[in-house]
Structure formats: C-alpha cells, structure tokens
Amino acid sequence: MRTRLHIFVNAADIDPDRLRELLDDAEVQPEKITRPGTLGVYAAIIADDLLGAERLRDLLRRNGVESFLRHSRSASNDEALSAPLSVLRVVTAERGEGGPRHGTTFTLEQACARCGTGARPLGDVLLKAGDVPKKGPVFQTLDHEYFVSDRVRDALGAAGITGAEFHAVRAAAGAEERLPWSQLVAPYALPPADPETSGGIRRQDPCPECERDGYFGTAQSPLELRYSVGREDLERVPDFAVTWEHFGRSNLVEPFEDSVFAQPLIVVKPRAVDALLKLKIRNVAFDPVAVSDS
Ligand SMILES: [Zn+2]
C-alpha cells in the first residue's frame, strides 16, 4: 500500500518556484507539484514521509504561508486482489442529480420511515441525458449512486459475478429513450464497520431513528474500514455488497422528487476486483478493507 502526503497551499501565498526552494530547505523530494486549480490551490505530493511533511509545513508557517495536509493511499492491483474485501472508489468527479429528482420510482420497503435511508430504485432509473457521460466505463451521480456502462454490466454478468442488481437508465425527458448505462445496486449490506479502529470517517447529525446516514469522509486521512467478521459470514458475502453506513444525509420530504437518500459504499470481493481489472477500467480504485476473525 502506498501512502502519499499532499501538502496544499494557495498560489496567492506562494508560487511554485518558491515552494520548490522550501522543499529543498526541508530536504524533501516531491513526487509532483500539481498545477494551481481555479481557486489557486495546488499541492506538493510527497511519498510517505510525515517528518519531512512537518518540516515543510513548519517552514511554510514561518514564511507566513498556510497549508493543509492530506493523506492518500493507493493499493496495487495485487493488494486489491488479495484483500478479502475492498471499497470500490470512482476517482472521477460526480456528475448530475440522481435519487428521485428526475422521476425514478423507489421502494421504501427496507428504508427508514423517518429519513428514507435504504430506499432503492424500482425498475428503470431516470437521469437527465445531458448529465450522463458520452462514454467511459463507470460514473457516479452527485447523490453518490454508481453507474456502469452496458459493456461493464454485460462483462460482469458473463463472469458470473454475484450480488449486483442492474437498473437500466432512461432519459428523463421526451420519449424516455434508453441510455447505454445501468445503475449498479448491491442489496447485501455488511454489518457496521468497527467504529473504534476504522479511520477516515466522520459522523455528523445522523438520523435519530436509524442512525445509518450522516457518515462522511475526511479530507485529512484516507478511508480505512475495519470489520470483525467470522470466516463463514465472510463466505456468505456476495461479490458485490454495500456498507451498512450511508454517506451523506438523507431527507425524505414532500414532494418526493425533492428527497435525498444517503448512499452506502460499494464493497467488492476479489472476484469482482479481477473482473473489473480485466476490463481495464481507469477511473476506479480499490481501497482494501481490513477484516479480522471475530
Ligand atoms: Zn433514518
């Protein structure tokens, strides 16, 4: 597992040449210095060297430059293939509204009556055609739902991958034309992750009834889920499953189209990792999950 440290600064406070000088002074060799984004924020990315990062941040502070530090982790393909479970992460930016916004029907059978967490689409999913990518294998809506192309759906089916349910996507307007995408829903929910040892999660204002929503990632550290699951229980988990925890905040309101449903993360087993790697999908990463025998 490779951990990288990203030290973010603003170009208004320090230009990249001066940052390079301070990196030299701190005796830190960056892997990369990113280009400033629209807000002027950019980062020096360094390999796992926390002391070096602290020396750099100290120098920045003494030069009146504010910075913030974020950790990121990337697993090799072999690490993802050997982990019992991995979180499937889509690395490209989320796009377009999902949920019931464009008229998708939902079942609330397994959902919290108060907040709607656990609501699942029933039948085809309606999205705005302009929000759907023209090509590519996988994307997520701004509501964190996962979508796969017809090619990926067919390949997963041909590989006999279990646990995934596919909902065909149709254009929300006009003749509701079929678009070459499906929402991937995984009905099997894992037990709650171990709150003591899991990392990179924060909790804010969960629904008092079900307490399943209100989970968020943190900017500082990567997601590290840990589970205590017996070997037999692990064998029962299909190739695609979801976390018990739902990320974001649910809001069940009238009119129903204005409701928002927090979403779980999709967790995959090595067989699904293998099938996705064989498709050479570039915009997904796998975050291995730690499982200890309970
Ligand atoms: Zn609830």
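1. Contact here means heavy atoms within 4.5 Å. By that rule, and not counting residues up to four places away in sequence, Arg 153 touches Val 148, Phe 166, Arg 178 and Ser 182. This is a predicted model, in which local features need pLDDT of at least 70 and side-chain atom pairs count only at pLDDT 80 or more, while totals for chains, interfaces and linings use all residues. Residues are numbered from 1 along each chain as its sequence is written, and side-chain values use heavy atoms, with hydrogens and water left out.

2. Arg 153 sits in helix H4, residues 150-158. Helices (H or I, at least four residues) and strands (E, at least two) are DSSP runs, numbered from the N terminus. Arg 153 counts as partly exposed because its relative accessibility is 23%. The classes are these: buried is under 20% relative accessible area, exposed is over 50%, and partly exposed lies in between (1.4 Å probe, protein chains only). Lys 134 is 19 residues from Arg 153 in sequence and 16 Å from it in space, C-alpha to C-alpha.

3. Are Cys 207 and Cys 210 buried or exposed? Both are buried. Cys 210 falls in that class because its relative accessibility is 18%. Cys 112 is buried too, because its value is 11%. The structure holds zero disulfides, a disulfide being a pair of cysteine sulfur atoms within 2.5 Å.

4. Now the largest pocket. It holds about 1,000 Å³ of space. Its lining has 34 residues; Arg 89, Val 90, Gly 217, Leu 223 and Asp 287 lie nearest its centre. The grid has a 1 Å spacing over the protein atoms alone: a cavity is a set of points where a 1.4 Å probe fits but cannot get out, a pocket is an open set with protein on both sides within 12 Å along at least five of seven lines, and lining residues have an atom within 4 Å of a point. Points are joined across faces, edges and corners, and the volume is the space filled by probe spheres set on the points.

5. Which strands line the largest pocket? Those that each supply at least two residues are E1 (2-10), E4 (68-74), E5 (85-90), E14 (215-217), E17 (263-268) and E18 (284-292). E4 gives the largest share, five residues.

6. Thr 107 and Ala 119 are in contact. Thr 107 lies in strand E6, residues 106-107. It is partly exposed, because its relative accessible area is 23%. Ala 119 lies in the loop between E6 and strand E7 (120-121). It is buried, because its value is 9%. Outside four places in sequence, Ala 119 also touches Phe 106, Leu 108, Ala 111 and Phe 261.

7. Leu 22 is in helix H1, residues 16-25. Its relative accessible area is 1%, so it is buried. Its contacts, leaving aside neighbours within four places in sequence, are Ile 14, Leu 56, Leu 59, Leu 60 and Asn 63.

8. Some backbone points to check by eye. A cis peptide bond joins Glu 254 and Pro 255, with omega of about -5°. Pro 255 is in the loop between strand E16 (240-247) and E17. His 144 is not a glycine, yet has a positive phi of about 65°. It lies in the loop between strand E9 (138-140) and strand E10 (146-149). Asp 205, also not a glycine, has a positive phi of about 50°. Asp 205 is in the loop between strand E13 (201-203) and E14, and counts as exposed because its relative accessibility is 54%.
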